[in-house]
Amino acid sequence: MLKPCLHWLSVTILCFSLLILSGCQASTGGNNVIHLTLWHNMNPPPSRDVFQKLVDKFNQNHTDIQVESLYTGQADQQMPKILTAVVGNAAPDMLWFGSQITGKLVELGAIKPLEDWLKSSPLKSEIVPSLFEEMVLDDRIWSIPFTTSNLAVFYRPSLFKAAGITKVPETWSELRQVAKKLTLDKNGDRQIDQHGIMLPLGKGEWTVFSWLPFMFSADGELLKDDRPNLVNPGAIAALQLWSDLLKDGSAMLSQPERGYEEDALIAGKIAMQIKGSWNVSFFDKLGIDFGVFPMPKANKKATIIGGANMFVMKTTPEREQASLKFLEYVLSEEFQTELSLKIGFLPINIKSRNSKIYREFVAKQPEMKVFLDQMNSARSRPIIAGYTRLSENLGRAIEETLLGHSPKEALQKAQDRLKLIWETQ
């Protein structure tokens, strides 16, 4: 009798394991249920929990579709996994990632174009217009915005008041003047204790991301006819501004590749820092004085869009259609309002942005209005296939400038490297 009992136990364990692996298919509608996988890199964990609750809500309301959201590491960790999965025909059904991966995924034939679906959807007219720049490549729509934000300048009002500054800077020249006034040797030891602003040192994406609003404001562009075009007046002027802030002695460089860290601003070692809307609730909880003002301008107002987009991977027509149902949910006013209230990104849905509950939220956190207003002048990074190499070489030029090299020469070196790369592709 022992062997039958062992056999029964083995079968029971096997069935239980299969139920877990299949997302308990038997309890959600048997073989008629479409199980979808979604890879994402949402962080920190509390934000991940908010998203999971929204996914759970979708699953409860769609008994024929069940979405499993999987955190697969941060962007730099996730990229090799994505490309390996695509090449190995093991990609997820949906992908949550920065739009800069678009060109590479199109090149690999890995994603489904979305313009026909979106054209017939009333949700298209509800998307914030400035977000279409990061959705469209070669006149086709390849993704939808999932979360969005932009950059502005966080500052410490108490330090401004102590320096006799009554007005936040609106232009580059005003930024230099204010930064000088905020740079102080407080104890008379001939060492600066407080700098006006922090600039991100490094050649990584955060440095490039933080610098691009300045270039766009000076009418600079990274591309000309879809090819790198780094040596242009706007780019040179933007790098020269950063160089001048350092030469003035009023800018402090961050630790290498850590320009996003807030410790110096919190401690009052700097008075201004470039940050995104996701930091508003963080600073609010700290209980320190802080404010936010728009990116200072050269020729025009400009900032840079950050966030992530949602892609539908090429699978089967049935799975792709089910994925589009989830994308409709992501674009909806309900989803966007809940996500924006909880994790500090801006709604990509216009109805969500104008909803009573979101307007009440902004009234309690007025710093968010700066980011909302800036969306009208926000730009996106290029989504061409070669963006990674473009960014790497631009980042090297920015880092070289911050370490004392000529802006024009640093940009020219980067342009020459990129020309060789583009010619050998």
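The model is predicted. Helix H2 packs against helix H12 at about 125°, and helix H15 packs against helix H16 at about 120°. The structure holds one cavity of 30 Å³ or more. A cis peptide bond runs from Asn 43 to Pro 44, and Asp 138 has a positive phi.

**H2 against H12**

- H2 spans residues 45–61 and H12 spans residues 317–331.
- Their axes lie 11 Å apart.
- The crossing of H2 and H12 is right-handed.
- From H2, the contact uses Phe 51, Leu 54, Val 55, Lys 57 and Phe 58. H12 contributes Lys 325, Phe 326 and Tyr 329.
- Six residues of this H2–H12 contact are nonpolar, two are charged and none is polar.

**H15 against H16**

- H15 covers residues 356–364, and H16 covers residues 367–374.
- The axes of H15 and H16 are 6 Å apart.
- At about 120°, H15 and H16 are therefore oblique to each other.
- Tyr 358, Phe 361 and Val 362 of H15 meet Met 368, Lys 369 and Leu 372 of H16.
- The contact of H15 with H16 has five nonpolar residues, one charged residue and no polar ones.

**The cavity**

- How many cavities of 30 Å³ or more does the structure hold? There is one.
- The largest cavity has a volume of about 30 Å³.
- Its lining consists of Met 198, Leu 199, Pro 200, Trp 206, Gly 259, Gln 273 and Ile 274.
- Which strands each supply at least two residues of the lining? They are strand S7 (195–199) and strand S11 (270–276).
- By class, the lining of the largest cavity has five nonpolar residues and two polar ones, with no charged residues.

**Backbone features**

- The peptide bond from Asn 43 to Pro 44 is cis, and its omega is near 0°.
- Asp 138 is not a glycine, yet its phi is positive, at about 55°.
- Asp 138 lies in the loop between strand S4 (136–137) and strand S5 (140–141).

Note on methods: Residues are numbered from 1 along each chain as its sequence is written. This is a predicted model: local features need pLDDT of at least 70, side-chain atom pairs count only at pLDDT 80 or more; totals for chains, interfaces and linings use all residues. Side-chain values use heavy atoms; hydrogens and water are left out. Axes are lines fitted to C-alpha atoms, for helices over the stretch in contact, and angles run from 0 to 180 degrees between N-to-C directions. Helices (H or I, at least four residues) and strands (E, at least two) are DSSP runs, numbered from the N terminus. A crossing is left-handed if the near helix is turned anticlockwise from the far one by less than a right angle, and right-handed if clockwise. Contact means heavy atoms within 4.5 Å. Ala, Val, Leu, Ile, Met, Phe, Trp, Tyr, Cys and Pro count as nonpolar, Asp, Glu, Lys and Arg as charged, and the others, Gly among them, as polar. On a 1 Å grid over the protein atoms alone, a cavity is a set of points where a 1.4 Å probe fits but cannot get out, and a pocket is an open set with protein on both sides within 12 Å along at least five of seven lines; lining residues have an atom within 4 Å of a point. Grid points are joined across faces, edges and corners, and a volume is the space filled by probe spheres set on the points. Angles under 35 degrees count as roughly parallel, over 145 as roughly antiparallel, 65 to 115 as roughly perpendicular and the rest as oblique.
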